[in-house]
Each structure stands twice: as C-alpha cells, then as structure tokens.
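The sequence and coordinates come first.

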Amino acid sequence: MNQGKEIVRPPFLREGDKVAFVSPAYWMPQEAIQQAAEAFKSWGLQPIISPQANSQDVKAYAGTAMERAGDLLWALEDDDIKAIICSRGGYGTLHLLRLIPREKFREHPKWIVGNGDITTLLYGIASQSVQSIYGPMAFQMAFSQGVDAEQLRNILFGIIPQYHLPSHSRNVCGHAEGVLIGGNLTSFNAVAGTGFYPIPEGDTILFFEEVEESLHNIDRMFYTLMLQKAFWMVKGVIFGMFMAVRYDLEFNSVEHMLVDHLRNLGIPVCCGLPTGSNSCLPLIEGAPCTLDVTPEGSTITFHIEGGRQNIVDLKENEQQLMK
C-alpha cells in the first residue's frame, strides 16, 4: 500500500494453530478472557493469554505502555503464534506506536484482530502494507457470538465473505475499486498526518464507525480527513454504526450530515454496515476490494489471493448479529 511495497496477506490458520490474546489498551477481567478463549478452542485453535492481558495500570490500562508493547512484541516475534486477538479497545493503543518497530509487522505477518481504539494499531500495520482484520475482539466474543464471530472464524481459515447489505435511504449509488482502510473515526484522526497513517499509492475505499461522540465532533473529524491531500484517492465510502451519538446539530442522522459532504464528489456511499462497538462484522484492512451500491442494496467484495469466497447475505440475517 505504501512506499512501493507489495501488499502482504498473512497466512490463513489451520486447526491446532496458536493464537495469542493481547491487551494493547484497556484491561480485561481474567474470567472474560477465559470465556473468549473457550470460543477459540471450539474452533480448533490453541489460545494463549499474554502475561499482561488482564493487568491494570492507573485503573484503566492493561499495564504500562512498555508492558503492553512488550506483550505485543512477544506475540509478534513468536512464529509459533499465528494470529493475535486484541482483548478490547477503550484507549491506550496510541501509546504503543512509537514502541513497536513497524517493520516487525512485515517481518512476522500474522492476522491481528481488533476494532475501536485498536484502529491506531491496524493503521501502523497498514502503513507496512500488511493486511489485518477489523473485527470482534475477545471482550465481544466472551459474551456473545453471532454472524460477526462466524465470519471472523471464516476469514482466519481462508473463507472470505462477500457482504450483501440491504438498501439504505442515505446510500449513494455507484461502483468503486480500491484498498480498504478505515475504522473508528476518532482513532483514525489520531494518526492522520503522522508516519503511522497509511498513505495510499492508489485508489482507496474508506470505512468509518463511531460511538459516544457529538455530531459536531464527528463532522469536524470527517471534514479534517477530507482536507487531506490523499483524500482525492478515495473512490468510495462505507459507514458503519454510529452509536450513542449526541445530536447537537439539526441533522436527523450522522449519515445525513456526512453524505451531504460527499455528494458532490460523485463516489458511491454505503450506509448501515453492522460494524461498530457492539456488533462488529469483520472487514479486511488493507485488502483490495470493490464496492457496488445500487437501489437494491450494497455489495462489498474482497479480492484475497488464496481465499475461498463465501456470500453473506445480510438482507436475511442482519437481525442475527451478536445475538
């Protein structure tokens, strides 16, 4: 994606592979981590809990920044570990970016899974042109498993979803091709303009979600991204879930506000992807994909070498997510 590097797709998993649970941000209770571990055991994998996964620092973080970075480096450099599952988000991943040599992500490519605050880590990975998964974390897997957990398992084992989404009143029809990047909007803004921002060499498709923010803050963050030089490479936009939003501007939805900014660009916009802080339908960060938006709905197709495609019709099972 960047610096002339070929995009690296981490190896898919096989039964019996080891996966590590790491906490780059907030701490997570040991019993919840154990519950999540049982889910991964049921997939035929061997979960390993990192030393600091449920530590506490200042009653928030899973250990100091150095301790959290140490856990992540341990999981990265151990080639017997084939994937890294982040325990939860919250805040704190930003502390690790200067402590992890980014070339490690390319030297030891493996699937790293997270969402929310973990966005900043996934951008560090994408800046090295390595793919990762924006998907459900241990905290979510500990309490419920639905379509998003099923699709995470499929991706890890090489079964790649093609998502078919229902229509949305704020959709903008069209076709787009590009490398998918995005995530939590606040976390995205935290690295914008830094060396950890994955500046694309070619066309991109952006996706965003947000939780517990005001409309005017969402507007400011999104418009800031639109002012960046690289935004002209954006050929399509996907909006996930916007949860617990404070409506301090006279728009009837976040999509209403943001689609107005994009309307004159002539690019397709897909709204209502069930990805956010509650349910998190997994997306492959750094993967080439196509976005097709029609009056009947939207289709997101990933182009992953060596993967087997599987159609996931969310028009039929959208109510099943994270039940």
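The model is predicted, so local features need pLDDT of at least 70 and side-chain atom pairs count only at pLDDT 80 or more, while totals for chains, interfaces and linings use all residues. Residues are numbered from 1 along each chain as its sequence is written, and side-chain values use heavy atoms, with hydrogens and water left out.

**Salt bridges**

The structure holds 4 salt bridges, a salt bridge being a side-chain nitrogen of Lys or Arg within 4 Å of a carboxyl oxygen of Asp or Glu. The table lists pairs from among them.

| Pair | N to O distance |
|---|---|
| Lys41 and Glu38 | 3.4 Å |
| Lys104 and Glu77 | 2.9 Å |
| Arg263 and Asp260 | 4.0 Å |

Salt bridges with shared partners join Glu77, Lys104 and Glu107 into one network. Lys104 lies in helix α3 (residues 103–107) and Glu77 in helix α2 (residues 65–77), so that the pair links distant parts of the chain, 27 residues apart. Helices (H or I, at least four residues) and strands (E, at least two) are DSSP runs, numbered from the N terminus. Lys41 and Glu38, in contrast, are 3 residues apart in helix α1 (residues 30–42), separated by about one helical turn.

Lys104 is buried at 19%, whereas Glu77 is partly exposed at 37%. Arg263 is partly exposed at 44%, as is Asp260 at 37%.

**Asp17**

Asp17 sits in the segment before β1 (18–22). Asp17 is buried but has no salt bridge, and the nearest side chain of opposite charge, Lys82, is 5.8 Å away. Here Lys and Arg count as positive and Asp and Glu as negative; His and the chain ends are not counted. The Asp17 side chain reaches the backbone nitrogen of Arg14 at 2.7 Å.

**Helix α6**

Helix α6 (residues 147–156) is largely enclosed by the rest of the structure, because 8 of its 10 residues are buried. The buried residues include Val147, Asp148, Leu152 and Ile155. Just after α6, Gly158 takes a positive phi of about 95 degrees.

**Cysteines**

With a disulfide defined as a pair of cysteine sulfur atoms within 2.5 Å, the count comes to 0 disulfides. For Cys271, the nearest cysteine sulfur is that of Cys270, 6.7 Å away. Cys271 is buried at 2% relative accessibility. For Cys280, the nearest cysteine sulfur is that of Cys86, 12 Å away, and Cys280 is buried at 1%.

Technical notes: Buried means under 20% relative accessible area, exposed over 50%, partly exposed in between (1.4 Å probe, protein chains only). A polar contact is a pair of N or O atoms within 3.5 Å; within protein, one must be able to donate a hydrogen and the other to accept it, and residues adjacent in sequence count only if both atoms are side-chain atoms.
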